[in-house]
Amino acid sequence: MPIPKVFIARRIFQEALDMISAEADVELWSDELPPPYETLLQKVANVDGLLCLLTDKIDAQLMDAAPNLRSISQIAVGFENIDVEEATRRGIPVGYTPGVLTGTTADMAFALLMAAARRLVEGAEAVRAGKWKTWHPLHYLGPDVFGGTLGILGMGRIGLEMAKRAQGFDMPILYYDVYRRPKDVEKQYNMTYAPIDTVLRQSDFVSVHVNLTPETYHLISHHELHLMKSNAVLINAARGPVIDPAALYLALKEGQIGFAALDVTEPEPITMDDPLLTLDNCIIVPHIASASVPTRLRMSTMAAENLLAGLNGQPMPNCVNPEVYEK
Amino acid sequence: MPKPKALVTRAIPQEALELVAARAEMDVWPHDEPPDPVTLRRMAARADGILTNIMDRIDANLFNAAPNLKVVSQMAVGLDNIDVAEATRRRIPVGYTPGVVSNATADQAFALLLAAARRLTEAERWVRKGGWKIAFHPLFWLGAEVHQATIGIIGMGSIGLEMAKRARGFDMRILYYSRTRKPEAEALYDMEFTDMPTLLAESDFVSLHVPLTPETHHLISANELAQMKPTAILVNAARGPVVDPTTLYQALRDKTIAAAALDVTSPEPIDPNDPLLTLENLVVAPHLGSSTVRTRTRMAVLAAQNLVAGLEGRPLPRCANPQVYP
């Protein structure tokens, strides 16, 4: 049997590259920017496997351009860049990396929550700019994290990890999800299930942990922001388009809410003329919620395992569309 | 009887000002920056009581200039700006505000820990400068894991205990070193008591929660930093001089530790030309440990209550030198 050909759309951890190179003929896209779509079409022409990221569009046209493709491995937990139905129709398994980034992402969401509440970025930048002249009893005051009510929209794995972290801060939790968690879990984490409007109205902190779907697109817009407390903090470490950025800008500018802390934006990267960047009450980090050394290493090796399983005709350890194996 | 005279050295929450104004003729320093020592002495000359904060130097010179002074009420839990021994010698009670700051300060220390671990302020600055040009790259901005990491808490007073409680929610292994062992808290938060060398060598995060005393001055210096892991992060939300800034600079520059996050510096405010500020692996906040609306209000109200009690010759509700009372 010939050695399979693989295209890897970005530099990943060496450990993972070594795993793949041991079994396949690898072409690695080593630029920091993603390959342009046209280039990607050429690169996949003869490949059996593809390791890709959220920034790579994997659609029917691409699959047409890659007649040998039999393994798609995404290094992410989300896969909205991939036409999974189309892949399923063609019998191509799609791998992803769930689970591993749960704790790391919740850590970042909590870091954003605390930095926003305590005006940490503003304070740290003032120090760096030589503007720290004195201590003053009325400067840089923010809301208490301790004892504040945390609203969690989306009680999946990451939402639950947020609830767990909030326990150490004695925060009552309100949450909304399509699915309600069992009573014992609610009790364990001091969580109350409530309609989304109630969560928005009563929370001091609202943290979004939903997947991006047509239903969650601009889930937070004018109406929702209007319901929130005027000193509330909104945290998004999920996906940028879950929040309507124009509505968020207005709400922050007019004081409908107190603060926003974003790990994700719409679009990504944020454009430098985006008005959100002009606000003091909005902090933005560059989609780094899963960016810890151990997590990214695990994501890389998991993606390699999925890719190789697909190439070898074995079930992927973590497959988005396991129905391909039922045929 | 004329109302006593009270000097309040900075604007404080309204609720507290009203408490003082109801019982005293009140003079409030209106500027953001503190009065210089000469001005402070002049203003205190006729004062029966003074409500201070950490920026005001309260020493023998000040006491000499204020012969009527019956009470010093500090709006802080730390008293390193006040010569308490001298106040005691003169039988002047010194009030302070313990207890009310523990939660806010532990929150701030944990916020700093998270920010340093995940390079939050550095990444935010990068976005603002237009550095974010690639939506996502698997090897960019990698930071340290917080959950399930080991935290070493030095000083297990009320703030140290709150840190331990917060660390539990992140499933951290907790080591601590303190003068006094806390067996009940050990069981409650699943903590291990260790000696300093063990704590320094095994912790991913070292967080300082000791008061500033002659024993804790430069508690963390070259020798201690050298025992820490190269991946470790140092958090100081206690008092600046607990860490030797020169050796901290060297350790951060040479990457013998990974990062540090400071809410306090030595001196304070930090000199804008301090080499520490040239480092990317350092976050410095401008002493915001207690900076929440609720906490500052509680501190100010407690300070006002101490002040008024002192003016009226009653024992202070929270007194740092109760030996002044017979």
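**A tour of the chain A and chain B interface**

Begin by selecting the contact between the chains, which takes 76 residues from chain B and 72 residues from chain A (contact means heavy atoms within 4.5 Å). This is a predicted model, in which local features need pLDDT of at least 70 and side-chain atom pairs count only at pLDDT 80 or more, while totals for chains, interfaces and linings use all residues. Residues are numbered from 1 along each chain as its sequence is written, chains are lettered from A in the order in which they are written, and side-chain values use heavy atoms, with hydrogens and water left out.

The two chains bury about 6,900 Å² between them, 64% of it on carbon and sulfur atoms (buried area is the accessible area, with a 1.4 Å probe, that two parts lose on being put together, summed over both). Next, display R118(B), W132(B) and F136(B): in chain B they lose the most area to chain A, together 12% of what that side buries.

Then select R294(B) and D144(A), which form a salt bridge with the closest N and O atoms 3.7 Å apart (a side-chain nitrogen of Lys or Arg within 4 Å of a carboxyl oxygen of Asp or Glu). The rule finds 4 salt bridges across this interface. Colour α5(B) as well, which gives the most to the side of chain B that touches chain A, with 9 residues (helices are DSSP runs of H or I, at least four residues; strands are runs of E, at least two; both are numbered from the N terminus).

Finally, turn to the open sheet of chain B, where 5 strands stand in the order β2-β1-β3-β4-β5 with parallel pairing (two strands pair if DSSP finds at least two bridges between them). β2 (25–28) and β5 (94–95) of chain B stand at the edges, each with a single partner strand, so one side of each is left without a neighbour in the sheet.
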